[in-house]
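Morning, everyone. Let's take a quick walk through one structure.

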Amino acid sequence: MNKYDFIKSDVFMLLAENRFRNSKDFYEEHKNEIKQKVILPMRQIAGIISQDLIKLDEKMNLNPVKMVSRIRRDTRFSKDKTLYRENVWVMFMRPKNEHNTFPCMWFEIQPGCYSYGIGIYNSKPRFMEYYRDEILKNPDEFLSAVNKAKKVGTKFIDNQ
């Protein structure tokens, strides 16, 4: 067995079926399998990536238990009452209780695709207005940052 048990393709069918059935009984019957095949490998991925991310932000929450999404959805305030997800993500960010709006990075898997990126968690209209105003005040600085990000992204992709 490898040091790391990364996510295998059969896991996506398990997650999709769990969401399709939307049943506590099905989830409970497969809970250990989901934990072993999905949650623990995602925590391993979080641990590996966090070794480099701590260099970017020493205040980032790097507890893998707090970083990996749950399979069961909180439907209390949602119109969509589907109880279970077919996607799972790792979120790299500062602790939510310490910051109202802040940047975050994520890596997400779901049947058929994966995604990753950087965004603003819990952005408020006032914050986004400020952000847009700063871009308009300093367009050259913003475009320089965009170009640097593109170069880094290209180097990253080329090195894969």
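Which residues touch the most other members of the largest nonpolar core? They are I71 and V88, in a core of 22 residues. A nonpolar core is a set of buried Ala, Val, Leu, Ile, Met, Phe, Trp, Tyr and Cys residues joined through side-chain atoms within 4.5 Å. Buried means under 20% relative accessible area, exposed means over 50%, and partly exposed is in between, with a 1.4 Å probe and protein chains only.

A word on the source. This is a predicted model, where local features need pLDDT of at least 70, side-chain atom pairs count only at pLDDT 80 or more, and totals for chains, interfaces and linings use all residues. Residues are numbered from 1 along each chain as its sequence is written, and side-chain values use heavy atoms, with hydrogens and water left out.

The elements giving it two or more residues are α1 (10–21), α2 and β1. The top contributor is α2, with nine residues. Helices (H or I, at least four residues) and strands (E, at least two) are DSSP runs, numbered from the N terminus.

Now I71 itself. Contact means heavy atoms within 4.5 Å. Not counting residues up to four places away in sequence, I71 touches L15, N18, Y27, I34, I39, L83, Y84, R85 and V88.

Next, the strand β1. Four of its five residues are buried. β1 and β2 run antiparallel, joined by five bridges. Two strands pair if DSSP finds at least two bridges between them. V88 has I109 in β2 as its bridge partner.

On to S69. Where is it? S69 sits in the loop between α3 (64–67) and β1 (88–92). Is S69 buried or exposed? Buried, because its relative accessibility is 8%. Leaving aside neighbours within four places in sequence, S69 contacts I39, N87, V88 and W89.

Another loop residue is T101, between β1 and β2 (102–110). T101 counts as partly exposed because its relative accessibility is 22%. Beyond four places in sequence, T101 touches I120, Y121, N122, S123, K124 and F127. From T101 to F127 is 26 residues in sequence, and 7.8 Å in space, C-alpha to C-alpha.

Last stop: I49, in helix α2 (residues 24–53). I49 counts as partly exposed because its relative accessibility is 31%. Thanks, that's my tour.
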